[in-house]
Amino acid sequence: LVAAVTRSPRVPISVVMSIGLAFQVASSYGIAAAEFLEEEGLDMNIRWLGLSWVAVWTLLFTVAVPTRPRRAVAAALASVSSVPVMVGIAIATGNTSFRPDPLQFFFWLVFPYLLVVVMAYVGARVVYALGAEVTAARELGSYHLVERLGQGGMGEVWRAKHRMLARPAAIKLIRPLASDDAV
């Protein structure tokens with residue numbers, strides 16, 4: 001359903017991004033529920049409790065879906081909150097024998113995921129900055145380069161749009177010479 005809605009050309013990109021971030025959060029809660037709400041989800045016989053698959057999902061989603069860093073952090077926080085929430089539900093319903101004190105709960109189930117959010121923020125900044133650089137690179141004065149039409153030995157021809165004119169344009173970009181002394 002999400003893929004069908006996001007592929008529709010009638011849906012604005014801002015709505016697609018919001019749907020994608022909502023999908024990230026909802027699926028994180030689904031992953032956490034699958035991991036922690038079953039009876040063997042939190043086994044106290046293990047000596048080490050690692051990160052949930054929610055951490056992996058959050059980081060991958062942040063890198064794969066380029067969005068503004070602030071929105072990415074908000075979605076990452078909502079996503080990683082699924083782990084302590086689902087563990088809290090498992091404890092409250094008596095579904096587990098896991099009974100950490102508040103300090104253990106924080107350092108085992110909250111703090112590591114806050115570090116995941118920091119990593120997600122860094123990833124979102126890098127991906128968003130790269131997207132902005134690509135957009136800026138496609139700008140040529142008053143022209144926006146849309147698609148490359150062809151290339152040859154001397155350069156490339158691009159279909160372009162002018163910001164003010166209501167007509168298509170073709171821009172030829174000529175490559176610089178391989179050496180400065182060949183004129």
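**Exercise 1. Count the aromatic pairs, then describe the one between Phe23 and Phe61.**

Step 1. The count comes to 6 aromatic pairs. Rings of Phe, Tyr and Trp (its six-membered ring) pair if their centres lie within 6.5 Å; planes under 30 degrees apart are stacked, over 60 edge-to-face, the rest tilted. The model is predicted: local features need pLDDT of at least 70, side-chain atom pairs need pLDDT 80 or more, while totals for chains, interfaces and linings use all residues. Residues are numbered from 1 along each chain as its sequence is written, and side-chain values use heavy atoms, without hydrogens and water.

Step 2. Phe23 and Phe61 sit 6.4 Å centre to centre, with 45° between the planes, a tilted pair.

Step 3. Phe23 lies in helix 2 and Phe61 in helix 3, 38 residues apart. Helices (H or I, at least four residues) and strands (E, at least two) are DSSP runs, numbered from the N terminus.

Step 4. Phe61 is buried at 10% relative accessible area; Phe23 is partly exposed at 36%. Buried means under 20%, exposed over 50%, partly exposed in between (1.4 Å probe, protein chains only).

Step 5. Ring pairs join Phe23, Trp57 and Phe61 into a cluster.

**Exercise 2. Describe how strand 3 meets strand 4.**

Step 1. Strand 3 (residues 155-162) and strand 4 (residues 168-174) run antiparallel, joined by 7 bridges. Two strands pair if DSSP finds at least two bridges between them.

Step 2. The two strands form a hairpin, with 5 residues between them.

Step 3. Trp158 stands opposite Ile171 in strand 4.
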